[in-house]
Amino acid sequence: MYLCGNMVCYWINRFNARGLKGLEEDVRTGRPPTYSAEQRSAVITAALIRPTELGLPFACWTLDRLVAYLSDQGIAMRRSRISEIFIHEGLKWRHDETRFGERVDPDFAKKRGSSNTSTRRRRSAA
């Protein structure tokens, strides 16, 4: 990587003035956050609570259901923003399970039966 002389002088001067802290990036101004920390916290809290505990007529969240619920709570937020909040917090939707936890029916695997009955079993090796 090639740096021009002015850039090298800039960083040397910052290091001389501030020490190792001078090599860290400064806080940059920019657009303020669209949603407050309280609103982001409300999204995560709602997603981690079972909808039935909130008196809702369904057992698991979808992004559309969560958007509608949050809208009723006064938080107008798009699906994409909710998804970004989950990713930032290290949460993700479970496709094999509902919401962020166990299945609604813990006996689902037993009731479902074997996963594929159409495939014949192989003979064991002699």
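A salt bridge is taken here as a side-chain nitrogen of Lys or Arg within 4 Å of a carboxyl oxygen of Asp or Glu. The structure is a predicted model, in which local features need pLDDT of at least 70 and side-chain atom pairs count only at pLDDT 80 or more, while totals for chains, interfaces and linings use all residues. Residues are numbered from 1 along each chain as its sequence is written, and side-chain values use heavy atoms, with hydrogens and water left out.

In general, an α-helix has 3.6 residues a turn, so residues three or four places apart point the same way. Arg81 is partly exposed at a relative accessible area of 34%, and Glu84 is likewise partly exposed at 41%. On this scale, buried means under 20% relative accessible area and exposed over 50%, with partly exposed in between (1.4 Å probe, protein chains only).

Helix α4 also has a buried side, formed by Ile82, Ile85 and Phe86. These residues lie on the same side of α4 because they cover an arc of only 100 degrees around the axis, the arc being that of the directions from the helix axis to the C-beta atoms. The buried residues of α4 pack against α2 and α3 (63–72), where contact means heavy atoms within 4.5 Å. The face turned away from this buried side carries the exposed residues Ile87 and His88. After α4 comes Gly90, which has a positive phi, near 80 degrees.

Arg14, Arg18 and Asp26 are linked in a network of salt bridges. In the pair of Arg14 and Asp26, the closest N and O atoms are 3.5 Å apart. This pair links distant parts of the chain: Arg14 is in helix α1 (residues 5–18), whereas Asp26, 12 residues away, is in the loop between α1 and α2 (37–48). Arg18 also bonds to Asp26, with the closest N and O atoms 2.8 Å apart.

Arg14 counts as buried, at 9% relative accessibility. Asp26 is partly exposed at 36%, and Arg18 is partly exposed at 42%.

Methods
Helix = DSSP H or I, 4+ residues; strand = E, 2+ residues; numbered from the N terminus.
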